[in-house]
Amino acid sequence: MTVRAIVRAGDPLLARVAAPVADPAADAVVRLVGDMLDTLDVAQVAGIAAPQVGVSQRVVVYFVPPHRVSGEPGDEPIGMTVLVNPELHPVGEDTVTDWEGCLSLPNLRGRVPRWRRIRLVSFDLDGRRRERLLGGTHARIVQHECDHLDGRLYPSRMSDGASLGFVDELEAAGVLPARVPVRPKDYLKGEAALLARLARAGVNV
Ligand code: NI
């Protein structure tokens, strides 16, 4: 498929509320996901939302690499996952503050409070509704990506704006954990239903 240009902060498209997908099982959605997978793989990050590739629709692609798992309940390594029309609801009132970055704000990191646990309802590319409880990093990644669908970027969630900084400066200061390289397409392995759906739409990844 196609590696797309990343839409960066300041573009009004990122501030827009994205439209719901009328038919999560449509081939057009699968082809969009194919482009998002290619773009994610080149960017070497754990998640991307459709508005970041210029499509204002409610689609997210992400995975949770083992080195980022927090040990919270509901947090575990997760293979490549597609969320169509996701809705999330906080479970309890606990929040956790940790570092985040975003493809649309290159080379920056900031500390962002997020709900510790959430309930997530979404559809997959076969149109199946799925509901699950998430915690820790898994819940954080999903909250970050779903914010993109509502026109929000992480700085607007920060309670301590002073933590915002450039990755290399924060690393030099010893306040950021060392980056671990990720190869996003490795996380497609074992995702049989997703791979089958991509193949049926003629999408090669
Ligand atoms: Ni982002």
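Which residues lie nearest the centre of the largest pocket? The close-up views below start there. The model is predicted.

**View 1. The largest pocket and its centre.** R68, E100, G101, R109 and R179 lie nearest the centre of the largest pocket. The lining counts 43 residues. The volume is about 1200 Å³. The largest share comes from α2, with eight residues. Sorted by class, the lining has 21 nonpolar residues, eleven polar and eleven charged.

**View 2. The nickel site.** Three residues coordinate the nickel ion: C102 through SG, H144 through NE2 and H148 through NE2. The distances run from 2.1 to 2.2 Å. Along the sequence, the donor residues follow the spacing C-x41-H-x3-H. Why are H144 and H148 separated by about one helical turn? They sit four residues apart in helix α2, so about one turn lies between them. Both histidines can also be placed by accessibility. H144 has a relative accessible area of 7%, so it is buried. H148 counts as buried because its relative accessibility is 1%.

**View 3. The second largest pocket.** This pocket has a volume of about 350 Å³. M80, T81, V82, D124 and R130 are the closest to its centre, out of 19 lining residues. The elements that give two or more residues here are β3 (78-90), β6 (117-123), β7 (129-135) and α4 (192-200). Which strand gives the most to this lining? β3 does, with six residues. The lining divides into nine nonpolar, three polar and seven charged residues.

**View 4. The open sheet.** Five strands make up this sheet, in the order β1-β2-β3-β6-β7. The pairing is antiparallel. β1 (47-49) and β7 are the edge strands, and each pairs on one side only. From one strand to the next, the twist averages 40°.

**View 5. The β1-β2 pair and V61.** β1 and β2 (residues 59-64) run antiparallel and are joined by three bridges. A49 stands opposite V60 in β2. V61 is also found in strand β2. Is V61 buried or exposed? V61 counts as buried because its relative accessibility is 0%. G34 and V61 are 27 residues apart in sequence. In space, their C-alpha atoms are 9.9 Å apart.

**View 6. Two asparagines with positive phi.** N85 lies in strand β3. Its phi is near 50°, a positive value in a residue other than glycine. N107 lies in strand β5. Phi of N107 is near 70°, again positive in a residue other than glycine. Which of these asparagines is buried, and which is exposed? N85 has a relative accessible area of 18%. Buried means under 20%, so N85 falls in that class. N107 has a relative accessible area of 55%. Exposed means over 50%, so N107 is exposed.

How values were computed
Residues are numbered from 1 along each chain as its sequence is written. This is a predicted model: local features need pLDDT of at least 70, side-chain atom pairs count only at pLDDT 80 or more; totals for chains, interfaces and linings use all residues. Side-chain values use heavy atoms; hydrogens and water are left out. On a 1 Å grid over the protein atoms alone, a cavity is a set of points where a 1.4 Å probe fits but cannot get out, and a pocket is an open set with protein on both sides within 12 Å along at least five of seven lines; lining residues have an atom within 4 Å of a point. Grid points are joined across faces, edges and corners, and a volume is the space filled by probe spheres set on the points. Ala, Val, Leu, Ile, Met, Phe, Trp, Tyr, Cys and Pro count as nonpolar, Asp, Glu, Lys and Arg as charged, and the others, Gly among them, as polar. Donors are N, O and S atoms within 2.8 Å of the metal (3.2 Å for Na, K and Ca); water is not among the atoms, so sites may look incomplete. Buried means under 20% relative accessible area, exposed over 50%, partly exposed in between (1.4 Å probe, protein chains only). Two strands pair if DSSP finds at least two bridges between them. Axes are lines fitted to C-alpha atoms, for helices over the stretch in contact, and angles run from 0 to 180 degrees between N-to-C directions.
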